[in-house]
Amino acid sequence: MGHVVVIGAGQAGSSCVAKLRNSGFEGEITLIGAETAPPYQRPPLSKGYLLGEMTLERMYLRPESFYSENNIELMLGAEVTGVDARAKTITVGGRELAYDDLVLTTGSSPRRLPSAIGGDLGGVYTVRTLNDVEAMEPEFADGKRVLIIGGGYIGLEAAAVAAKKGVTVTLVEMADRILQRVAAPETSDFFRALHKAHGVEVLEGVGLNRLIGEERVSGAVLSDGRELDVDFAIVGVGIVPEIGLAEMAGCTIDNGISTDAQGRTSVDGIWSAGDCASFPYRGGRIRLESVPNAIDQAEVVAENIMGAGKEYVAKPWFWSDQYDVKLQIAGLNAGYDAVVTRPGDKDGDASFWYYKGDELLAVDAANEPRAYMVGKRLIEAGKSPDKAAVADPAVALKTLL
């Protein structure tokens, strides 16, 4: 059956090796991770784990014993330093490992601030790994002051945790509004109001000029000239796909590691899935940064390694938890030209429905799980309800189906 080596022990990597074994693959499997912890969920890092509401063991994707019980070699704290696609070998921890199929589930890394503007100072954090969160957790103390740079979902989730722990929070977003890259103004308005109600100072159209401090951050100068005293800073300005090993192997790079619809890269015997992989979607090419995509795409790759010949058809969905609000997102809103707001069952809750012409593209549902489920089913079925019916809370959601 051969030897499958999977590099990257996150959600995609763990899903791939589990699917291989559960589908009857009897060959060797090796899963290699740079971190020392077994594969774990990342979303709770900036939510439940940072709040102290979730233990590390609860975040494990599978019990650590799962890997040995299923004859999967789990190499943790291991750095892959070489890939020889012609010889079909990798170099890891000073040893050479031969493979028949190589799966790159290398994920992504957070963008960091340049050292020239204080990015290397102590007390400046990103939110991506267990080590990141454990390093910053002691900072979250009542009365401390944090500057959060970036008004995307990671920045907003960190702001919510900090505010709940009594930290004084200032969030700066260089764009005209928070969530500008990923959501409509209506969704931005909803979350701006939510954060302000919890005491967060949200500054839009304002960027960071530089952080101040000797060895540790003590302040910040913003792009509008104002200066702030801060005790620590969190950088949430996006992530970039980890493509170094793919480049070393000679794989085509196109907004990540380029794959075909079955998960194959341009190099024989090498596959890719998860945050790092771009793939065909509705006549174009996309890369999705989400847990569901990582799981589904990796499982399709596992099936195809076993000869299934199956194409991956993405059904995008995402979520974000902030305070007592669960935002659930179905679909992709790229190209929308209209947004329909539907009031929720409770005062303040709402869903936002994205249309391009008469076609429903996506739904943002804030504490509206029924709207999310109906919207998701409609999008996946290629159905688009009348906008007036969506906007009218007197029209039952189930009738839209």
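What follows is a chat about a predicted model of a protein, working from values to the words used for them.

User: Let's start with the whole thing. How do you know that the size fits a compact globule?
Analyst: For 401 residues, a compact globule would have a radius of gyration near 21 Å, and the protein has 22 Å, so the two agree. Along the principal axes, the C-alpha trace spans about 60 × 60 × 35 Å. As for make-up, the protein holds eleven helices and 26 strands.

User: What share of the residues counts as buried, and what share of the contacts joins residues at least 24 apart?
Analyst: Of the 401 residues, 55% count as buried. Taking contacts between residues at least 6 apart in sequence, 59% join residues at least 24 apart.

User: Down to single residues. Why is T170 called buried?
Analyst: The cut-off for buried is under 20% relative accessible area. T170 comes in at 10%, so T170 counts as buried. You'll find T170 in strand β11, residues 168–173. Not counting residues up to four places away in sequence, T170 touches V146, L147, I148, E201, L203 and L228.

User: What makes A365 buried?
Analyst: A365 has 0% relative accessibility, and buried means under 20%, so A365 qualifies. A365 sits in strand β26, residues 359–366. Leaving aside neighbours within four places in sequence, the contacts of A365 are K326, L327, Q328, A350, S351, A371 and Y372. I295 is 70 residues away from A365 along the chain, and their C-alpha atoms are separated by 22 Å.

User: A314 is in a loop. Why is A314 called buried?
Analyst: The relative accessible area of A314 is 8%, against a limit of under 20%, so A314 is buried. The loop in question runs between α9 (291–305) and β22 (317–322). With neighbours within four places left aside, A314 is in contact with F279, Y281 and L288. G250 lies 64 residues from A314 in sequence and 26 Å away in space, C-alpha to C-alpha.

User: On to strands. What makes β23 largely enclosed?
Analyst: Six of the seven residues of β23 (residues 325–331) are buried, so the strand is largely enclosed by the rest of the structure.

User: How do you know that β23 pairs with β22 and with β26?
Analyst: Two strands pair if there are at least two bridges between them. β22 and β23 have six, in the antiparallel sense, and β23 and β26 have five, also antiparallel. I329 of β23 shows up in both pairings: F318 stands opposite I329, and in β26 the bridge partner of I329 is D364. β22 and β23 also form a hairpin with two residues between them, where Y323 in the turn has a positive phi of about 55°.

User: What makes β14 largely enclosed, and which strands does β14 join?
Analyst: Five of the six residues of β14 (residues 217–222) are buried, so β14 is largely enclosed by the rest of the structure. Five bridges join β14 to β13 (residues 208–213), running antiparallel, with L211 opposite A220. Three bridges join β14 to β15 (residues 227–229), again antiparallel, with V221 opposite E227. Both links are hairpins: three residues connect β13 to β14, and four lie between β14 and β15, where G225 in the turn has a positive phi of about 95°.

User: What makes β2 mostly covered?
Analyst: Four of the five residues of β2 (residues 28–32) are buried. β1 (residues 3–7) pairs with β2 in the parallel sense over five bridges, and V6 stands opposite L31.

User: Last one: why are β18 and β21 at the edges of their sheet?
Analyst: The sheet is open, with three strands in the order β18-β20-β21 and mixed pairing. β18 (257–258) and β21 (284–286) each have a single partner strand, so one side of each is left without a neighbour in the sheet. β18 pairs with β20 (residues 277–281) in the parallel sense over two bridges, which just meets the requirement of at least two. S258 stands opposite S278 in β20.

How values were computed:
Residues numbered from 1 in each chain as written. Predicted model: local features only at pLDDT ≥ 70, side-chain atom pairs only at ≥ 80, totals over all residues. Heavy atoms only, no water. Buried < 20%, exposed > 50% of the residue type's maximum accessible area, 1.4 Å probe, protein only. Contact = heavy atoms within 4.5 Å. Rg over C-alpha atoms; globule rule 2.2 N^0.38 Å.
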